[in-house]
Amino acid sequence: SLAVSDANIRKLGRVRNVAVEQYEDRGIVMEKRTYDFDGLQVVANFAKGKDSIGGITEAVVVGQKWKIYKDLGVGASIDTVVRTLGQPTAKSGKAYEYCGETGVDCAIFDFAKNTVVRIKLSYYWD
């Protein structure tokens with residue numbers, strides 16, 4: 001996962017909403033926080049009361065201003081994605097998936113008319 005603090009996430013832009021779900025993991029009370037920005041959603045897990053050390057498990061990009069790498073973002077063409085990242089590890093009619101060796105660290109590009117409309121990034125978190 002990407003180690004992060006609550007403050008780091010909030011620095012990305014104006015937070016519209018934060019939804020918090022509590023759960024228990026090995027006796028520790030955890031918080032799964034879903035941050036909503038304009039065109040971006042970030043999900044991170046924190047031990048309750050510890051805002052400085054969290055881990056991002058997921059990010060979903062639907063707004064054009066958010067670039068995940070160089071020119072890659074919503075609005076990019078399929079060709080740009082393949083030119084930048086190479087051939088996907090999996091393909092369906094409407095999505096290209098790029099996954100790391102764990103198969104859990106993934107970037108999924110959803111397309112409409114050869115243009116990226118949504119990018120979902122997921123990270124392994126233990």
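Q: Which residues touch the most other members of the largest nonpolar core?
A: Ile9 and Phe109 do, in a core of 25 residues. A nonpolar core is a set of buried Ala, Val, Leu, Ile, Met, Phe, Trp, Tyr and Cys residues joined through side-chain atoms within 4.5 Å. This is a predicted model: local features need pLDDT of at least 70, side-chain atom pairs pLDDT 80 or more, while totals for chains, interfaces and linings use all residues. Residues are numbered from 1 along each chain as its sequence is written, and side-chain values use heavy atoms, without hydrogens and water.

Q: Which element gives the most to this core?
A: Strand 4 does, with four residues. Helices (H or I, at least four residues) and strands (E, at least two) are DSSP runs, numbered from the N terminus.

Q: What does phenylalanine 109 touch?
A: Leaving out residues up to four places away in sequence, its contacts include Ile68, Leu72, Val81, Leu85, Tyr96 and Ile119. Contact means heavy atoms within 4.5 Å. Tyrosine 96 also stands opposite phenylalanine 109 in strand 10.

Q: Why is the link between cysteine 99 and cysteine 106 called a disulfide?
A: The cut-off for a pair of cysteine sulfur atoms is within 2.5 Å. Here the sulfur atoms are 2.0 Å apart, so the pair qualifies as a disulfide. The whole structure has one disulfide.

Q: What makes this disulfide right-handed?
A: The torsion about the S-S bond is about 110°, so the disulfide is right-handed.

Q: Why does cysteine 106 count as buried?
A: Buried means under 20% relative accessible area, exposed over 50%, partly exposed in between (1.4 Å probe, protein chains only). Cysteine 106 has 10% relative accessibility, so it counts as buried.

Q: How do you know that strand 9 and strand 10 pair?
A: Pairing needs at least two DSSP bridges between two strands. Strand 9 and strand 10 (residues 106-112) have five, in the antiparallel sense. Their hairpin has six residues between the strands, and glycine 103 there takes a positive phi near 80°.

Q: What joins strand 8 to strand 9?
A: Two bridges do, and the strands run antiparallel. Alanine 90 has glutamate 97 as its bridge partner in strand 9. The hairpin between strand 8 and strand 9 goes through three residues.

Q: Which residues of helix 2 are buried?
A: Ile78, Thr80 and Val81 are. They cover an arc of only 165° around the axis (taken from the directions to the C-beta atoms), so they lie on the same side of helix 2. Asp79 and Arg83, on the other side, are exposed.
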